[in-house]
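I would ask you to keep the sequence and the model in view while I speak.

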Amino acid sequence: VPGRILAAEGALVIPQTVLHLDSAGVDCEGDAQTLVWSVSQPEGSVSVFVPSDVDPTPSFEANVAGDYHFSLSPLGADGSPCGAPHRFLISVVPESDVHVELLWHTPGDLDESDEGPSAGSDLDLHVLHPYAEGPFDGIFDCFWFNPLPNWGSFDPMVNDDPALDRDDTDGAGPENFSLSNAEEAFAYRVQVHSWNDHDFGDSEATVRVYIHGALVH
């Protein structure tokens, strides 16, 4: 079926959703010998298919907000296409009231999708409450060392605390911050800190701010 979503999670997901893809039914009427996945990702996203792009049921972590255009191409025994690619769209939309996303590109890192200790540069996202004295404030700076601070009401049943949902230490990002029920008339500061370039050189950082799922800055 053209346009059928080949992901168990459906066509609309939130950031950091691990998609479980399935190529069943896309087989050139039984003639396909290989099925190859590809994707056009939002700018800055470097996610890859796991374990590979020729696995029939790979996973794919959609970490960056935006549209992901997937394609599954069937190839015959000689490696040439035996039918039209199956294409489908999955949209990643933040569900929190405030969503801040940090991405970075490091020209000196030739493979920004690889993972592991010192495999890439390490930039950190800091979102500061107005009461913060500055970065690394132990209570009012939400960052990797303080990812779940208690802001707003002391009532644990009130959903008004922020979270650093993802800390990336080996290149490209994203690092994601989310906050629902932000305190009114407060101005939150967003900062980026270069923690360690791991000898890859300078990075170019991009920060995107979403309010109620819409990109505003």
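I shall speak about aromatic rings and then about strands.

This is a predicted model, in which local features need pLDDT of at least 70 and side-chain atom pairs count only at pLDDT 80 or more, while totals for chains, interfaces and linings use all residues. Residues are numbered from 1 along each chain as its sequence is written, and side-chain values use heavy atoms, with hydrogens and water left out.

Let me begin with the rings. A pair of aromatic rings is described by the distance of the centres and the angle of the planes. Here, rings of Phe, Tyr and Trp (its six-membered ring) pair if their centres lie within 6.5 Å; planes under 30 degrees apart count as stacked, over 60 as edge-to-face and the rest as tilted. The structure holds 14 aromatic pairs. In one of them, Phe60 and Tyr68, the ring centres are 5.9 Å apart and the planes stand at 75°, so the pair is edge-to-face.

Are these two residues buried or exposed? Buried means under 20% relative accessible area, exposed over 50%, and partly exposed in between, with a 1.4 Å probe and protein chains only. Phe60, at 1%, counts as buried, and Tyr68, at 0%, counts as buried as well. Both belong to a cluster that ring pairs build from Trp37, Phe49, Phe60, Tyr68, Phe70 and Phe88.

Trp144 and Phe145 have ring centres 5.4 Å apart and planes at 70°, so this pair is edge-to-face. Trp144 is partly exposed at 32%, whereas Phe145 is exposed at 63%.

I turn now to the strands. Helices (H or I, at least four residues) and strands (E, at least two) are DSSP runs, numbered from the N terminus; two strands pair if DSSP finds at least two bridges between them.

Three strands form an open antiparallel sheet in the order S9-S8-S12. Strands S9 (141-142) and S12 (189-196) are at the edges with a single partner strand each, so one side of each lacks a neighbour in the sheet. Seven bridges join S8 (residues 122-128) to S12, and Asp124 stands opposite His193 in S12.

S7 runs antiparallel to S11 (residues 175-179), with five bridges, where His99 has Ser178 as its bridge partner. S7 is also antiparallel to S13 (residues 204-211), through eight bridges, and there Leu102 is partnered by Val207.
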